[in-house]
Amino acid sequence: MTAPVLAEPMVNADSICKNYGSNEVLKGIDLKVYPGEVVCLIGPSGSGKSTFLRCINHLETVDGGRMWVNGKIVGYDLKGSKLYEQSHNDVCRSRTEVGMVFQQFNLFPHMTVLENLIEAPRLVRKEKKATAVARAKSLLEKVGLSDKADAYPRQLSGGQQQRVAIARALCMEPRLMLFDEPTSALDPELVGEVLKVMKDLANSGMTMVVVTHEMNFARDVADRVVFMADGYVVEQGPARDVITNPQNDRTKAFLASVLSETAAS
Amino acid sequence: MTAVSTRNGPEAKAADSYTVVKAKHPGRWLSAAAIIVVAALLLHSVFTNPNFGWDVVGLYLRDVSIGRGILVTLGLTAISMAIGIVLGVIFAVMRLSANPVVRTAAFAYVNFFRGTPVLVQLLFWFNLAALYPVITLGIPGLHLDANQLITPMTAAILGLGLNQGAYMSEIVRAGILSVDHGQTEAAEALGITRMQTMRRIVLPQAMRVIIPPTGNETIGMLKTTALVSVISVPELLYSAQIIYARSFETIPLLIVASLWYLLITSILTIGQYYLERRFARGNQRNLPPTPWQKLRRFIATHDALALKGGTR
Ligand SMILES: Nc1ncnc2c1ncn2[C@@H]1O[C@H](COP(=O)(O)OP(=O)(O)O)[C@@H](O)[C@H]1O
Ligand SMILES: [Mg+2]
């Protein structure tokens, strides 16, 4: 899983800036993620990790810099030397290449698991029901929830809900998956089942950007770890190096606090 | 300490061998007695006062023109509510729009129709021909005679529907705002457009919040339709008025109308209960039993025969 450096990057963030009013949240983030790579974003709360992730699929518009995903500028059409802002429908269409998994799962509670999975393929890709159902069922099998197709989200445990959410994102056959603290809302004993699904996904070659506090996962599964603080990338490198042998003082302090927390619980 | 020794001591009795003396509630008995006395007096006067004219009430309860009036009332309620709900959804979505002009327009609509009495609005619509004798809607070639177009019925539908739209838009807006923002976000991230998200994800979930007040509004609308009697739409009240204008049996006919209103609103209340239950799906693990189910369960557990026979 070492990054094929010659390939076109899947994500190419070029000095991304973002502010909410006078609050500068991202102050020039540069990051490249190559196809097949798994990158973990770590950093203290409020450092802008979620905001950066949301800029990748244009849930947030950037205030400075350029975000390229899969060779295209996010949110704009490049014609000649001019950038034309995309229409809402075009933005929606390009989002289908990027799947996203949230901390709070955000399953649709009024739909069964199967209905959750086929909703977007049916609405966005106008797929036939049989096609969408077949893919949904095979993905449910992959996340180990074949028997829950007809359950409502409320009837599932947090871990099961998050696995459904992963399957739902995969139903759109994305080329890139974003995870925003996918295990932070889970009871400790349920974290493992979600991480296992993510690990399988990584092994299948999916390009992934994962915001997480699970340092074991970052060390064992990620190719690269990026440490963010105060809207900057402070340190990045091969996962094992950054986690076991951080160079920057802030990284050291952050890792020490996270690891002592894990040891305590 | 003593309690522990007593419980384990030799004098301890089996739990069910004690005689339980229930608390007395003299206040409850007194108030119940007072209410029963007042109710009895009231009923006595209602049934012995000949001015109520109960024989006349019985006669007109199934009168054909009263029946036709009921149909008009029901139709008017249904159409006005349908218009109100459609307008309510449209204006609620407009009020949440990112465009300030759209937002302000929706606010102005709600403010205007909620801020003026519906009776006045009805009279305005009824007299529209005085304001605009010819309606063109700015479309060249369109030339409508307002006097022909605005019948009492169209004035009633316009007045009630537009007014209801303003109230419904507030209800729908509260429903939309009650849906967790994460839902919209998840839909957006899947590439679902805003309109589709509203229709498929947000509104169905907002229903749980929208349905109960809408039921109340429907019941309110049923009664509000009586107002259109002033513009001589032959609904239930107007039909009763026509009869008593001839026969001077005013009170009996008002009772006839009231009994019908009461019956229909009672039926609507039951319907509302089942509708609310249906939209609670997926939000509750187990639905509460309906009164009907409760009754059957009660009979099943208290019926000696059923228990003995073992048939359930
Ligand atoms: N929608 C928003 N409006 C205003 N401020 C926001 C918004 N979202 C995030 N922020 C601010 O941006 C900063 C970074 O937030 P976030 O990206 O969620 O950090 P992290 O995910 O690393 O904890 C925080 O100070 C937060 O208060
Ligand atoms: Mg975050």
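A salt bridge here is a side-chain nitrogen of Lys or Arg within 4 Å of a carboxyl oxygen of Asp or Glu. By that rule, 3 salt bridges turn up between chain A and chain B in this predicted model. One of the charged pairs to look at is R54(A) with E185(B), whose side chains meet in a salt bridge at 2.7 Å, N to O.

What about the rest of the interface? Chain A puts 27 residues into the contact, and chain B puts in 23. Together the two chains bury about 2300 Å² between them, with carbon and sulfur atoms giving 57% of that area. On the polar side, 8 residue pairs are in polar contact across the interface of chain A and chain B, counting pairs with both residues at pLDDT 80 or more. On the side of chain A that touches chain B, the elements giving two or more residues are α2 (88-95), β8 (98-101), α3 (113-124) and α5 (158-170). Sorted by class, this side of chain A has 15 nonpolar residues, along with 6 polar and 6 charged ones.

Turning to the chains themselves, chain A carries a UniProt annotation, from an unreviewed entry, reading "domain: ABC transporter" over residues 11-255. That stretch of chain A is 37% helix and 28% strand, and its end C-alpha atoms sit 26 Å apart. For chain B, the UniProt record (again an unreviewed entry) lists "domain: ABC transmembrane type-1" at residues 70-272. Here the make-up is 79% helix and 2% strand, with the end C-alpha atoms 20 Å apart.

Is Q272(B) buried or exposed? Its relative accessibility is 13%, so Q272(B) counts as buried, the cut-off for buried being under 20%. Setting aside neighbours within four places in sequence, the residues in contact with Q272(B) are I211(B), P212(B), G215(B), N216(B) and I219(B).

Back to charges, this time within the chains. Over all chains, the whole structure holds 20 salt bridges. Among them, R135(A) and E127(A) bring their side chains together at 2.6 Å, N to O, and both R135(A) and E127(A) are buried.

Another salt bridge in chain A joins R240(A) to D220(A), with the closest N and O atoms 3.6 Å apart. This one links distant parts of the chain: R240(A) belongs to helix α8 (residues 239-244) and D220(A) to helix α7 (residues 215-221), 20 residues apart. How accessible are the two partners? R240(A) has 48% relative accessibility, so it counts as partly exposed. D220(A) counts as partly exposed too, because its relative accessibility is 43%.

The side chains of R173(B) and E170(B) meet in a salt bridge at 3.8 Å, N to O. Both residues lie in helix α9 (residues 152-178) of chain B, 3 residues apart, which is about one turn of the helix. With a relative accessible area of 23%, R173(B) is partly exposed.

Notes. Residues are numbered from 1 along each chain as its sequence is written. Chains are lettered from A and ligands numbered from 1 in the order in which they are written. This is a predicted model: local features need pLDDT of at least 70, side-chain atom pairs count only at pLDDT 80 or more; totals for chains, interfaces and linings use all residues. Side-chain values use heavy atoms; hydrogens and water are left out. UniProt positions are given in the numbering used here, feature names are shortened, and annotations may be inferred rather than shown by experiment. Helices (H or I, at least four residues) and strands (E, at least two) are DSSP runs, numbered from the N terminus. Contact means heavy atoms within 4.5 Å. Buried area is the accessible area (1.4 Å probe) that two parts lose on being put together, summed over both. A polar contact is a pair of N or O atoms within 3.5 Å; within protein, one must be able to donate a hydrogen and the other to accept it, and residues adjacent in sequence count only if both atoms are side-chain atoms. Ala, Val, Leu, Ile, Met, Phe, Trp, Tyr, Cys and Pro count as nonpolar, Asp, Glu, Lys and Arg as charged, and the others, Gly among them, as polar. Buried means under 20% relative accessible area, exposed over 50%, partly exposed in between (1.4 Å probe, protein chains only).
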